[in-house]
Each structure stands twice: as structure tokens, then as C-alpha cells.
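Subject: Structure for you to look at

Hello,

Here is the structure I promised. Please open it first, then read my notes below.

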Amino acid sequence: MPITPATATHDSSAGIAEAILLELVDENGVTIGTAEKLAAHQPPGQLHRAFSVFLFDERGRLLLQQRALGKYHSPGVWSNTCCGHPYPNEAPFAAAARRTHEELGVSPSLLAEAGTVRYNHPDPESGLVEQEYNHLFVGLVQSPLRPRADEVGDTAFVTPAELAERHAKEPFSAWFMTVLDSARPAVRELTGPSAGW
């Protein structure tokens, strides 16, 4: 398979592009191998490790991210604060913190595990499949955002009511409600009853 911007990183020290590998897992989340990133998302999809982050401000509002238009998968749609894939042998917690900083230019002031969820979501626009064993994280953000334009199209902090209104009118990632609903117990514990999550 040719190396494309969707499947490669640039190693400036060697001047070459290297394929991005994902960790393949079984139904219990046990690592069973690796696969190239784009290949893992081709139908019917290969079950692989992923993470989803939900960060909140001091008022209990959720930070949403609109995916940049240049992304190969689900471009231009709204989704949770950050999501991605750990590198092989990278702990999901470390990957979540790393990727949040890479995409949004901010480190969470708190980040806690919020369980796991396994799902299979085809993306009708791209034809790709999200067959994921997803590690969920919730946390707080207290620093100004510095999003990367090639990763993030826009950001918004929303209340539950604002999210419902936006979700009814604008496109969201296929996996968004699955991961949010799975993270809700931890979200409620983090934000308290007055936030309404």
C-alpha cells in the first residue's frame, strides 16, 4: 500500500515517511498484533485499540472539536474533545494526553480513566469502518486552547442543552454518542449534578 498523509508520519532525521501502525486487539482488549492505520479501517474493519477524551471547563461545559476538513476520516464533523489511537506498546492514558496536546495545544489539568467501550461504526461518507476497543478518559481543561489547523477546524464549549441543539442540526462523528453515553457515569462524577450530564 502506498504511504499517504493519512497513513504516514515524517521522520525529519531520516527524511523518510513511516507507516503508522495500530494495535490490533481481541474482544477482551488483549493485544494480538498490529496493522497499518488505513488498512485497519477498510471494511469490514479490524478491531483495534483507540481512545476518546472528554474535557470540561470550570463551568462543566464539554469541549467539542470539529475535525479539520483535510482529515481522511470524518472530515468537518463535530466530535468529542480528542480521539485517536495509541502507538503499539503505548499506554492509552499516555496516548490520550499526548494527542490532546498535539491537536489542541493544551495539557489537561486532570485526566482520569472512564472505562472502555467496544463498537463497530461504519462511516457512510468515507466508506471506512471504526471497529474499535476504545479507552475513555474524562478531565478538565483550564488553559487557553492552541489548536492545530491541520487537525482541528473549530472548537466549542457546550452545555448538555447546547449539545442536544447542535447535535440535531450539525453532523457529528459516527462514534460520538456511543463514546459519550459510555463515559457519562464518569462525566457526572467529574462535573457534578448541577452540570446536567
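Which backbone oxygen does the side chain of glutamine 65 reach? That of threonine 81, at 2.8 Å.

Before the rest, some ground rules. This is a predicted model, where local features need pLDDT of at least 70 and side-chain atom pairs count only at pLDDT 80 or more, while totals for chains, interfaces and linings use all residues. Residues are numbered from 1 along each chain as its sequence is written, and side-chain values use heavy atoms, with hydrogens and water left out.

**Confidence**

pLDDT is the predictor's confidence in each residue, from 0 to 100. The chain averages 90. At least 70 is scored by 91% of the residues. Residues 1–15 stay under 50. For that stretch the model has 25 contacts (heavy atoms within 4.5 Å) beyond four places in sequence. Where pLDDT is low, the predicted coordinates should not be read in detail.

**The whole chain**

The chain has 4 helices and 11 strands. These are DSSP runs numbered from the N terminus: helices are H or I with at least four residues, strands are E with at least two. The radius of gyration is 16 Å, close to the 16 Å from the globule rule for 197 residues, so the chain is as compact as a globular protein of that length. That radius is taken over C-alpha atoms, and the rule is 2.2 Å times the number of residues to the power 0.38. The C-alpha trace spans about 50 × 35 × 30 Å along its principal axes.

Buried residues make up 50% of the 197. Buried means under 20% relative accessible area, exposed means over 50%, and partly exposed lies in between (1.4 Å probe, protein chains only). Of the contacts with a separation of 6 or more, 65% join residues 24 or more positions apart.

**Glutamine 65**

Back to the opening residue. Glutamine 65 sits in strand β6 (residues 62–67). It is buried, because its relative accessible area is 3%. Its side chain also makes a polar contact of 2.9 Å with the side chain of glutamate 103. A polar contact is a pair of N or O atoms within 3.5 Å; within protein, one must be able to donate a hydrogen and the other to accept it, and residues adjacent in sequence count only if both atoms are side-chain atoms. Glutamine 65 touches other residues too, including Trp78, Cys82, Leu104 and Asp154.

**Helix α2**

Glutamate 103 is one of the buried residues of α2. This helix has 13 residues (92–104), which should span 18 Å at 1.5 Å a residue. The expected span is 1.5 Å times one less than the number of residues. The end C-alpha atoms are 18 Å apart, so the two agree. The cover over its buried residues includes β6, β9 (110–122) and β11 (152–158). Just after α2, glycine 105 takes a positive phi of about 65 degrees.

**Two more residues**

Is phenylalanine 176 buried or exposed? It counts as buried, because its relative accessibility is 0%. Phenylalanine 176 lies in helix α4 (residues 176–191). Among the residues it touches are Phe54, Leu64 and His167.

Alanine 19 lies in strand β2 (residues 16–19). It is partly exposed, at 38% relative accessible area. Alanine 19 and glycine 139 are 120 residues apart in sequence, and their C-alpha atoms are 31 Å apart in space.

Best wishes
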